[in-house]
Amino acid sequence: MSDDEREEKELDLSSPEVVTKYKSAADIVNKALQLVISECKPKAKVWELCEKGDAFIKEQTGNMYKSAKKKIEKGVAFPSCISVNNTVCHFSPLASDETVLEEGDVLKIDLGCHIDGFIAVVAHTHAIQDGPVTGRKADVIAAANTAAEVALRLVRPGKKNKDVTEAIQKVAAAYDCKIVEGVLSHQLKQFVIDGNKVVLSVSTPEVRVDDAEFEENEVYAVDIVASTGEGKPKLLDEKQTSIYKRAVDKNYHLKMKASRFIFSEISQNFPIMPFTARWLEEKRARLGLVECVNHDLLQPYPVLHEKSGDFVAHIKFTVLLMPNGSDRVTSHPLQELQPTKALDDPEIKAWLALGTKTKKKGGGKKKKAGKKGDKPEEAVESESTDITLNDAEAGTED
């Protein structure tokens, strides 16, 4: 085997080292999420909470692979975001922002970590309150969580991306909620957070994706966003955008000195992964980023909003499609939920009853001999026990 072939082979889950790096990144991101949730209290500043999440990831990854012969890139794969109530996503404000949390707020916490380019991401929804979450807040969180549980069981080798798109919309409708348009679940590859194989949240005439089939040894960031509103979010203020990613295939000779300085800093420090303008010198960044975005050198992650009064919930997880089944490596248990809707659709119940692990012939315990002529079957089992409807609605940990 040539060096090139060996390098190529090591890039997917057939390499134990790659699996270890994904799981190590996932462990860090799960702990970072726990840390941020523990700090989400009334009057806490959002930018400070985001900074704590990022600092934890940087500190933890900084302690890994110190003695490796070859330098291993590692750190934040997606900056920490805390999007409140009807804000859908990507709110990671600058240090000059005064936004604080309030009692009763519904928060979407979104963050990511990578080790050697192997990425683990997570998003979780948390309400700032004591006791069970009730009413429409509970409905939308249950919708997103149940849709995520169904997606976990459908993102598996042999299934198609459109199967997932149709299923998650049906789940949201059962809670009288909508899946938010424009959200994509991407395949993850080394140093690629937005791979070409995607699952569309809602199929519309304007947005279509190629049909694709999931395959063994792939990794996906499954991204579910639900809303009590219309599910058609809007950009209200471009100045709120603070997360960008370098568009590596674009070039342009920038005119402004501030733009050239900022772009040089970005190319040096954040050449591949998304970053937040909070990590740049603020005054210079404000000036320079505009020209970079206008000439497509940077891809912005806009802060989107539903209508005031709507609630939005976000669940995102990283799943490894291992030979023995799907391994969800990022998650956090939900608060107790008391939704207003009961889940009684037989198709949704059947999806939730599917296992996530596959025992192939020859693995595990020996089975009793079947009747003569019986074909051997794959035995499918859940990661622990199969999720119940109470688990899906009340947020019992997988």
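Student: Why is N217 called buried?

Tutor: Buried means under 20% relative accessible area, exposed means over 50%, and partly exposed lies in between, with a 1.4 Å probe and protein chains only. N217 has 18% relative accessibility, and therefore counts as buried. The model is predicted, so local features need pLDDT of at least 70 and side-chain atom pairs count only at pLDDT 80 or more, while totals for chains, interfaces and linings use all residues. Residues are numbered from 1 along each chain as its sequence is written, and side-chain values use heavy atoms, with hydrogens and water left out.

Student: Why is F191 called partly exposed?

Tutor: F191 has 25% relative accessibility and therefore counts as partly exposed. This residue is in the loop between β7 and β8, and although not a glycine, F191 has a positive phi of about 65°.

Student: What makes β9 largely enclosed by the rest of the structure?

Tutor: Strands are DSSP runs of E with at least two residues, helices are runs of H or I with at least four residues, and both are numbered from the N terminus. In β9, 9 of the 9 residues are buried, which means that the strand is largely enclosed. V219, A221, D223, V225 and S227 point one way, while Y220, V222, I224 and A226 point the other way, and all are buried. In a regular strand the side chains alternate between the two faces of the sheet.

Student: How do you know that β9 and β15 are joined?

Tutor: Two strands pair if DSSP finds at least two bridges between them. Between β9 and β15 there are 9 bridges, and the two strands run antiparallel. A226 has A313 in β15 as its bridge partner. β9 also pairs with strand β6 (residues 178–179) in the antiparallel sense, over 2 bridges, and K178 stands opposite S227.

Student: Which strands does β7 pair with?

Tutor: β7 is joined to strand β9 (residues 219–227) by 3 bridges, running antiparallel, and it pairs with strand β8 (residues 198–200) in the antiparallel sense over 3 bridges. Q187 has Y220 in β9 as its bridge partner, and S185 has V199 in β8. Strand β7 (residues 184–188) is mostly covered, with 4 of its 5 residues buried.

Student: Why does T318 count as buried?

Tutor: T318 has 0% relative accessibility and therefore counts as buried. The residue is in strand β15 (residues 312–322).

Student: Which residues have the most contacts inside the largest nonpolar core?

Tutor: A nonpolar core is a set of buried Ala, Val, Leu, Ile, Met, Phe, Trp, Tyr and Cys residues joined through side-chain atoms within 4.5 Å. The largest has 65 residues, and those with the most contacts inside it are I82, L101, I109 and L289. Helix α2 (residues 16–39) gives the most to this core, with 11 residues.
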